[in-house]
Structures are given as structure tokens and as C-alpha cells.
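Student: I am new to this structure. Please pick one part of it and take me through it closely, step by step.

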Amino acid sequence: MKKEVKDTIIVELGEKLKQFPHFYLVDLGGLDAAKTSVLREKCFKNEIKLLMVKNTLLQKAFEASEIDFSPLYECLKGNTAVMFAQTANVPAKLIKEYKKDGIPALKGAYAEESFFVGADKLDELVAIKSKNELIAEVVALLQSPIKNVVSGLNAGGKVHGLLDAIAERNK
């Protein structure tokens with residue numbers, strides 16, 4: 001491969017690192033063409049960008065980045081594919097779905113500005129909540145007391161009786 005081509009690939013990888021806040025390093029070794037095609041389809045449907053990379057070029061892109069990705073250098077051995085995503089837990093859920101076969105195997109990840117090295121971190125990555133999931137939880141928590149008051153009023157109770165019940169419960 002010519003130096004100009006390598007430089008272009010390094011720059012493109014650097015742009016992807018800036019464009020996507022989360023990425024996973026996975027080993028796809030052992031997947032045949034049909035299974036790889038199915039994985040690529042699922043990645044596309046889940047808005048994950050899947051790229052096969054050369055470890056040396058990815059490391060050079062890491063080194064050129066403003067973020068210190070050195071904790072992930074040890075993951076750059078063997079076959080490496082990168083799964084870029086906007087939502088931190090989406091690639092982890094996809095990998096876990098495939099986990100039955102052991103492929104793809106998680107090598108490491110950069111999600112929510114943290115490093116996760118090793119396949120044993122997959123459950124932690126799946127448990128990360130996305131921004132939309134957190135907002136939904138907060139809204140549900142905020143709605144709960146309001147729903148209780150509204151249901152009490154709709155049940156035919158009077159405001160005075162409702163306030164007395166709340167006061168008794170707080171004693």
C-alpha cells in the first residue's frame with residue numbers, strides 16, 4: 001500500500017473518531033462471508049458504521065487524535081473491526097446478540113468518554129443508558145406523583161381528603 005493511501009486512511013479514521021463519540025473494537029475472525037453480510041446489515045439498521053481496519057493505521061489515527069487512546073493500544077492485535085456509533089450501548093447490544101457464537105468478540109471500547117478493555121466489559125457496556133433512555137426515566141419519575149394526585153381526584157376524592165391521607169402517610 002502506498003504512503004499516500006495510508007495517509008488518506010489515517011485522516012479518514014481520524015474524522016470518524018471526531019464524528020462518532022463511541023466506538024468498539026471487535027474481532028470478526030471466523031465469520032464467513034454470509035454471516036459478515038448479515039452483521040453489516042444489522043449494523044446499518046442500527047446506525048452503526050462497521051469498518052475493517054489495519055491495526056497500525058488505526059493506532060496512527062489514535063495518536064493523531066486530541067484524545068489519548070493509549071489504553072486501547074493493547075487491543076490492536078489480530079483482526080480488528082471498528083463499530084462507530086452515536087449511541088453508546090447499541091453496538092454492545094448487537095455484540096451480545098451475536099455472543100452465542102462467540103463472534104464478534106469484543107476487544108475494547110471507548111464509550112461515554114471512558115475506556116473498556118476486554119470481552120468481560122460487554123455487560124457493563126450493555127448497561128449504559130442512552131440519553132433518550134435517561135430522559136424517559138426522569139420524565140417517568142416526575143410524572144409519578146402527578147399521576148397519583150390525578151387518580152385520587154378522579155376517584156371521587158375531595159382535595160381535603162386527599163391532603164389528609166398524604167399527611168397521615170408522612171407521619
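Tutor: Start with L125. Leaving aside residues up to four places away in sequence, L125 touches Y24, N89, A92, L106, A109, A111 and F116. This is a predicted model, so read each contact as part of a prediction.

L125 belongs to the largest nonpolar core, which has 23 residues. Y24, V26, L39, M83 and L125 touch the most other members of that core. Where do the core residues come from? At least two each are supplied by β1, α2, β2, β3, α4, β4 (105–111) and α5 (122–127). The largest share comes from α4, with four residues. In soluble globular proteins, nonpolar side chains tend to be buried together. A second core is separate and holds 18 residues, L57, L58, F69 and C75 among them.

Helix α2 covers residues 33–45, 13 residues in all. From first C-alpha to last it reaches 18 Å, close to the 18 Å expected at 1.5 Å a residue. Which of its residues are buried? T36, L39 and C43 are. These three lie on the same side of α2, because they cover an arc of only 60° around the axis. An α-helix has 3.6 residues a turn, so residues three or four places apart point the same way. On the other side of α2, A34, F44 and K45 are exposed. The buried residues of α2 pack against β2, β3 and α4 (90–98). After α2 comes E47, with a positive phi near 60°.

Next, the sheet. Five strands form an open sheet in the order β2-β3-β1-β4-β5, and the pairing is antiparallel. At the edges are β2 (48–53) and β5 (114–117), each pairing on one side only. On average, neighbouring strands are turned by 15° against each other, direction ignored. Strands of a sheet pair through backbone hydrogen bonds, either parallel or antiparallel.

Look at one pair. Six bridges join β2 to β3 (residues 80–85) in the antiparallel sense. Among the residues involved, K49 has F84 in β3 as its bridge partner.

Technical notes:
Residues numbered from 1 in each chain as written. Predicted model: local features only at pLDDT ≥ 70, side-chain atom pairs only at ≥ 80, totals over all residues. Heavy atoms only, no water. Pairing = 2+ DSSP bridges. Axes fitted to C-alpha atoms, helices over the stretch in contact; angles between N-to-C directions. Expected span 1.5 Å × (residues − 1). Buried < 20%, exposed > 50% of the residue type's maximum accessible area, 1.4 Å probe, protein only. Arc of directions from axis to C-beta. Contact = heavy atoms within 4.5 Å. Core = buried A, V, L, I, M, F, W, Y, C linked by side-chain atoms within 4.5 Å.
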